[in-house]
Structures are given as C-alpha cells and as structure tokens.
Amino acid sequence: MREYAIEVKDLCVNYRNLQKYSIKQNFFSFKRRKTEQFEAVKNVSFSVEKGEILGIVGRNGSGKSTLLKTLAGIFSPDSGTIDMKGHSVSLLSIGVGFQTELTGRENIMLSGMLLGFSQEFIKEKMEEIIEFSELGKFIDMPVKSYSSGMHSKLAFSITAILETDIMMIDEVLSVGDTKFKKKSYAKMKSLINDQDRTVLIVSHSSDTLRQLCTSILWLHDGVIKMQGDTKEVLAAYEEFMK
Amino acid sequence: MSRFFHDLHKYKNYTIYSAKSDLKSEVASSYLNWLWWILDPICFMLIYTFIFGVVFDASEQYFPVFIFIGLTMWNFFNRLMLSSIKIVKSNKSIVSKVYLPKYILILEKMGVEAFKMGISFLIVIAMMIVYRVPVTWNILCAIPILIVFFIICFGFATILLHFGVFVQDLFNVTQIGLRLVFYMTGIFYNLSTRIPSPYSDYLSHLNPVAFLMTSMRKALLYGEMISWKWLGLWCLVGLLISAVGIHTIYKNENSYVKVL
C-alpha cells in the first residue's frame with residue numbers, strides 16, 4: 001500500500017465577485033457592475049506519494065502558483081477537497097514574505113514561528129540558517145536594506161533548514177550567485193534523498209526538473225494536460241512550447 | 001469558538017514576538033522615536049488644556065489629567081481602528097505566503113498600542129501625584145474597565161478588518177466617522193455637564209468609548225463608583241461583536257488574498 005502525502009480531488013479555484021468595491025462608486029453609478037468569473041484551476045485531481053518530488057510545469061497564467069497557494073492554505077478551494085494528511089507545509093516563492101522594517105534575524109524567528117516551529121527549535125537552527133544564507137553582518141540589519149539576491153537567499157535558507165514535511169517551491173531555484181545556486185541544488189538533492197520529504201516544484205527550467213523530479217504535472221489553462229513520468233511529460237511539454 | 005482558542009494558543013508566541021520586534025524597530029528606525037510616544041499626547045494635552053480650559057472656559061477639576069486620560073484611551077482606539085482597515089493589505093507579504101488567522105494581526109497591533117498606552121498611563125500616574133489627586137480603592141476599577149475596553153476595540157477592529165479588504169474607500173469614510181465620534185466622546189469636556197440632560201445620557205452611555213472614558217476618570221480622579229450594570233452590558237456587547245467578527249473572518253479570510 002502506497003502512502004500518500006497529498007491527495008487532491010476535483011479542485012476548483014475561481015476568482016470571482018471579489019473585485020474591490022467602493023462606497024463612492026455606489027453613490028455615482030447605479031448600474032450594477034458585471035462580475036467576471038475567472039477559473040484559475042479547474043477540476044484538478046492528483047495525489048502525491050510520500051517522498052516524491054513533483055514538478056509542475058505550464059505556461060504563465062496556467063494556474064501553477066494558484067494551485068500551490070491553495071495547497072498551502074492561503075486560498076480556499078471553491079469546490080473539491082485537499083487532504084494533506086496533517087503534514088506541515090511551507091511555501092517558498094519570489095517576493096518572499098518578510099517584514100521589511102525588521103532585521104533578518106527577527107524575520108527568521110517570525111517566519112519559523114508561522115511555519116509552526118517552537119522558539120527554542122528556531123534558536124537552535126538560527127546559526128545554521130545564517131551560515132547557509134551567507135548574509136554575514138547583514139543579518140542584523142533591516143530586511144529593507146537587502147538586495148533582491150540577499151532577500152531570496154534568506155528565504156531559501158529558512159525553508160531549507162527548517163524542514164517541513166511538504167515543501168513547495170515556486171520558481172526560486174535559480175536564486176543568488178553561481179555559488180549559492182550550486183549550494184541550493186545540493187541542498188535540494190539531499191532533501192530528495194530523504195524518503196519522508198515531499199517536494200512540489202514549479203519551474204520553467206526543464207533541466208532543473210529533469211534532474212530533480214520523480215514525476216511531472218503539466219497544467220494548461222487550469223486543467224491537467226498531462227501527468228506522469230518526468231521524461232515523457234517534459235518531452236511533450238517542450239514539443240508543445242516550440 | 002474552540003478553533004479560536006486553539007489558534008490563539010498556537011499563535012500566541014508569534015503575536016508576542018512580532019509585537020516586540022515591531023516596537024523595537026520603531027525605536028531603532030529613528031532617533032528619539034520612543035520619546036514621541038510621550039511627547040505626542042503631552043503636547044496635545046497642553047493644546048486642549050489651553051483652548052478648552054482658558055479660551056472656552058470649560059475647565060474641570062484636575063483638567064490636564066482629565067484630558068490626558070481621554071487622549072490616551074482615544075489614541076489607542078483611533079489608531080487601532082484606522083490600522084485595522086488596512087491591516088491585511090499592509091501585511092500582504094506575510095498573508096500571501098503562509099496561513100495565519102487574520103485577527104492575529106489585530107492582536108499584534110493591539111499589543112504594540114497597549115504598550116504605548118501603558119507608558120501614557122505611567123504619565124497619568126505621575127500627573128496624579130503632582131496634582132495630589134486623592135487615591136481611593138476605586139482605582140482598582142481601572143482594570144475591569146481596561147479589559148472591557150480591549151474587548152470592544154478588538155470587536156470593532158475585526159469588523160473593520162473584514163470590510164477594509166473589500167471596500168476601497170472605507171478608510172476615508174471611517175476617518176470622518178472617527179472624527180465625529182472624537183468630538184462626541186467628551187475628550188476635552190465633560191459630557192454630563194456640557195450637554196443638556198437627555199442627550200448627555202445617550203452620548204455617555206450609548207457610545208462605548210465615551211462610557212469607558214468617563215468611567216476611567218471617575219475611578220482614577222474623582223473616587224466615584226462606576227456603573228457596573230453598563231460595564232457588564234458593554235462587556236457582553238463587546239464579546240458579541242468579537243464573536244461575529246471572528247466568525248466572519250474565519251469564513252472569508254481565505255478569499256482576502258485574492259482581492260489584494
């Protein structure tokens with residue numbers, strides 16, 4: 001019996017009825033505005049085994065990031081179910097969530113606590129994170145003074161060192177300089193060798209996915225176009241994108 | 001409801017740490033910044049004392065302390081209301097990265113503001129000593145008053161947080177509304193003596209901020225008994241609003257990010 005880490009059934013996520021509304025506009029226009037409905041993810045069902053590394057590919061706007069955010073619990077599904085089997089989840093993506101007025105150290109603490117770790121545990125891991133991030137003395141400066149590379153490095157380090165059961169990575173494998181890239185690759189590799197860890201990667205780089213993933217999910221306009229073995233799906237995807 | 005207490009426990013450490021870091025960064029980000037927490041209410045107190053005590057001749061016993069208590073509580077209320085409207089948006093970077101119950105953001109903000117309020121109350125105590133205000137056991141009533149005050153503020157803030165996400169110009173409207181409440185709360189005059197009889201009762205009992213502010217002054221300055229009946233009533237109303245607010249937030253919070 002295979003053990004699943006994530007099971008998703010008939011997942012739909014819509015953006016609808018949710019435009020902002022203003023009191024002023026209500027005063028001055030009497031016609032009702034039409035509400036547009038946009039289905040970002042349509043009837044997607046899949047399951048991920050424990051320890052699997054799943055790559056997600058697709059054109060821009062095909063619903064990849066929405067899917068990850070829904071899995072992370074940031075969006076609610078409009079219909080369908082997501083079963084994470086009680087695993088802890090972390091999402092890593094571009095433009096990472098820091099409070100820019102606070103220092104790197106404080107942000108590590110806050111991010112860690114939001115991921116559900118205890119203060120003591122984070123304190124233990126603090127040095128390891130700082131070392132991995134290569135930030136040096138910048139760690140005690142406000143995050144707003146960081147360059148975008150440093151920003152991403154810090155974010156990657158937090159997610160990589162504070163290991164959650166399920167990691168979701170949105171387009172950030174190519175952060176930092178060449179040296180850091182190599183290091184993050186190595187880290188990803190070691191995570192992959194860990195049988196208990198499930199990783200979901202969104203990327204546009206076929207090479208990366210070919211090296212890391214055990215299977216691929218191809219989303220096209222919110223529906224699954226193809227799913228299965230890494231080589232087959234990537235070959236079909238590359239053919240399609242030509 | 002049980003989910004609320006579970007989440008409250010789960011995010012307790014985060015809230016405290018985050019509030020502390022916020023205060024720290026506020027101190028660090030500019031020179032003498034913490035002094036403004038003290039200077040700001042003191043300066044406004046001096047202005048109002050002059051205008052209403054001297055120009056309009058509306059003076060009360062211990063007038064500067066009277067105003068200072070009013071301003072301290074009003075500042076807490078006012079700042080919390082205005083920031084709740086934008087609180088999801090201003091924490092966009094966190095909210096769009098990881099799930100957290102959105103009212104935690106309010107609690108964090110309340111922690112920050114409560115600390116500043118604490119400093120203001122220290123000044124109140126200092127002023128009470130300078131003005132030789134006679135101390136009675138009624139001072140202890142300040143504690144239940146503050147608790148009810150926090151519950152009421154939290155309740156209103158949760159409601160504003162929810163609508164603040166969807167209604168674009170709520171900030172402007174609320175600002176006007178708050179200004180109206182500001183003048184009707186009796187921060188720099190005594191509601192019960194300055195306003196003709198039936199209206200003063202409505203204003204001082206039906207507006208929770210005015211009621212709590214008046215009670216606070218009674219307890220601290222004049223050694224009078226507060227009305228427990230009204231305090232209990234507002235406590236219930238506050239809990240009710242909070243419950244509605246928490247329920248609304250739980251129901252809708254997952255779509256907040258889509259709107260931002």
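Buried area is the accessible area (1.4 Å probe) that two parts lose on being put together, summed over both. Between chain B and chain A it comes to about 2900 Å², with carbon and sulfur atoms giving 61%. This is a predicted model: local features need pLDDT of at least 70, side-chain atom pairs count only at pLDDT 80 or more, and totals for chains, interfaces and linings use all residues. Residues are numbered from 1 along each chain as its sequence is written, chains are lettered from A and ligands numbered from 1 in the order in which they are written, and side-chain values use heavy atoms, with hydrogens and water left out.

**Interface between chain B and chain A**

- Tyr17(B), Lys97(B) and Lys258(B) supply 27% of the area that chain B buries against chain A, more than any other three residues.
- Contact means heavy atoms within 4.5 Å. By that test, 29 residues of chain B touch 33 residues of chain A.
- One residue pair is in polar contact between chain B and chain A, both at pLDDT 80 or more. A polar contact is a pair of N or O atoms within 3.5 Å; within protein, one must be able to donate a hydrogen and the other to accept it, and residues adjacent in sequence count only if both atoms are side-chain atoms.
- Four helices of chain B each supply at least two residues of the side that touches chain A: H2 (12–29), H5 (92–95), H7 (142–166) and H12 (228–259). Helices (H or I, at least four residues) and strands (E, at least two) are DSSP runs, numbered from the N terminus.
- H2(B) gives the largest share of that side, eight residues.
- By class, the side of chain B that touches chain A has 14 nonpolar, nine polar and six charged residues. Ala, Val, Leu, Ile, Met, Phe, Trp, Tyr, Cys and Pro count as nonpolar, Asp, Glu, Lys and Arg as charged, and the others, Gly among them, as polar.

**Salt bridges**

- A salt bridge is a side-chain nitrogen of Lys or Arg within 4 Å of a carboxyl oxygen of Asp or Glu.
- Lys24(B) and Glu106(A) meet in a salt bridge at 3.4 Å, N to O.
- Buried means under 20% relative accessible area, exposed over 50%, and partly exposed in between (1.4 Å probe, protein chains only). Lys24(B) is exposed at 51%, whereas Glu106(A) is buried at 9%.
- Within chain A, Arg105(A) forms a salt bridge with Glu127(A), the closest N and O atoms being 3.9 Å apart. The pair links distant parts of the chain: Arg105(A) is in helix H3 (residues 104–114) and Glu127(A) in helix H4 (residues 119–133), 22 residues apart. Arg105(A) is partly exposed, at 28%.
- Glu128(A) and Lys125(A) also form a salt bridge, at 3.9 Å, N to O. They are three residues apart in helix H4 of chain A, so about one helical turn separates them. Glu128(A) is partly exposed at 40%, and Lys125(A) is partly exposed at 22%.
- Salt bridges that share partners join Glu134(A), Lys153(A), Lys179(A) and Lys183(A) into one network.

**Helix H11 of chain B**

- H11(B) has 15 residues (208–222) and should span 21 Å at 1.5 Å a residue; its end C-alpha atoms are 20 Å apart, which agrees. The expected span is 1.5 Å times one less than the number of residues.
- H11(B) is mostly covered, with twelve of its 15 residues buried. Among them are Phe211(B), Met213(B), Arg217(B) and Leu220(B).
- The cover over these buried residues includes H4 (63–90), H6 (103–130), H7, H9 (191–194), H10 (197–206) and H12 of chain B.
- At the start of H11(B), a side-chain oxygen of Asn207(B) reaches to within 3.0 Å of the backbone nitrogen of Val209(B).
- Just after H11(B), Gly223(B) takes a positive phi of about 60°.

- Most residues other than glycine have a negative phi.
- Asn43(A) has a positive phi near 40°. Asn43(A) sits in strand E2 (residues 37–49) of chain A and is exposed at 54%.
- Arg132(B) has a positive phi of about 50°. Arg132(B) is in the loop between H6 and H7 of chain B and is exposed at 71%.

**Chain A overall**

- Chain A has eight helices and nine strands.
- Buried residues make up 49% of its 242 residues.
- Of the contacts in chain A with a separation of 6 or more, 72% join residues 24 or more positions apart.
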